[in-house]
Amino acid sequence: MSLARIHNLSISLDGFATGEPQSADAPFGHAGERLHEWMFGTRFWDAAAGTAGIDNAFAERHGPGIGAEIMGANKFGPPGWQDDPAWTGWWGDDPPFHTPVFVLTHRPRGPLEMAGGTTFHFLDATPAEALETARAAAGGRDVRIGGGPTVVRDFLAAGLVDHMHLVQVPIVLGRGVRLWDGLEALEDAYAVEAVSSPSGVTHLTFTRRAARQGARGA
Ligand SMILES: NC(=O)c1ccc[n+]([C@@H]2O[C@H](COP(=O)([O-])OP(=O)(O)OC[C@H]3O[C@@H](n4cnc5c(N)ncnc54)[C@H](OP(=O)(O)O)[C@@H]3O)[C@@H](O)[C@H]2O)c1
């Protein structure tokens, strides 16, 4: 069974996964790099100088078993990237995905084949349709829902997420794009675990509860 997984999604104490305004100079707006400082100190991010503790153990789960990613238009580029035919994403010629990546956008364009096995496909589709397409491309492996918060929220609201790893960072952003709006009682559908890291962040995992079987013997 190919799962839909979220990893390393970093949110502030007040639930924002990005600040504002998003721009080419400040992809996370006024949040700057504060949501991801926990990750910069890990071996996952910095193979030479990073540490191999709790933060690294969680961060490294990002890649294994993943055969495709789905991301939103605002993760792929700053506002207006759709008007720039030369825009190929933030990540240079060899993006770190190494799988097909499906970018949800209301202004799709043709596929972009990059070095290292990453091909960006641009899709105007519902979350369920996008997941079906990504699963078909993932070769039996799992699909990562890569963000940003708008797309993650939509996939959660549609009941499509099997596993979610959040990193709660002890900062209060006050504004930006919030993850939780409209997801009241989301925790009812998941087993939720929390682990505090010495770095100050809290790792939260949401693992979808198995669907209830019929009564025993029925
Ligand atoms: N904190 C983290 O760990 C983390 C992780 C990833 C990203 N981010 C940050 O999050 C921000 C982006 O998040 P966001 O919430 O603003 O936006 P987003 O989720 O990346 O993208 C939302 C946009 O995608 C398009 N879209 C979404 N669903 C669609 C559908 N079903 N069909 C067609 N198009 C669809 C729409 O754009 P159009 O209408 O323009 O096409 C929509 O406005 C960036 O700052 C990024 O750096 C943070």
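The model is predicted, so local features need pLDDT of at least 70 and side-chain atom pairs count only at pLDDT 80 or more, while totals for chains, interfaces and linings use all residues. Residues are numbered from 1 along each chain as its sequence is written.

Q: Against which elements do the buried residues of α4 pack?
A: Helices (H or I, at least four residues) and strands (E, at least two) are DSSP runs, numbered from the N terminus, and contact requires C-beta atoms, placed from the backbone, within 7 Å. On that basis the buried residues of α4 pack against β1 (4-12), β3 (66-72), β4 (100-104), β6 (119-123), β7 (142-145) and α5 (149-157).

Q: Which residues of helix α4 are buried, and why do they line one face?
A: A residue is buried if 20 or more other C-beta atoms lie within 10 Å of its own, exposed if 12 or fewer, and partly exposed in between. On the other side of α4, Ala 128, Glu 129 and Glu 132 are exposed. In α4 (residues 127-137), the buried ones are Pro 127, Ala 130, Leu 131 and Ala 134. Seen down the axis, with directions taken from the axis to the C-beta atoms, these buried residues fall within an arc of 100 degrees, so they line one face of the helix.

Q: Which element gives the most to the shell around the ligand?
A: The ligand is surrounded by 27 residues, where near means a C-beta atom, placed from the backbone, within 6 Å. β1, β2 (16-18), α3 (73-76) and α5 each supply at least two residues of this shell. The most, four residues, comes from α5.

Key:
Two residues are in contact if their C-beta atoms, placed from the backbone, lie within 7 Å.
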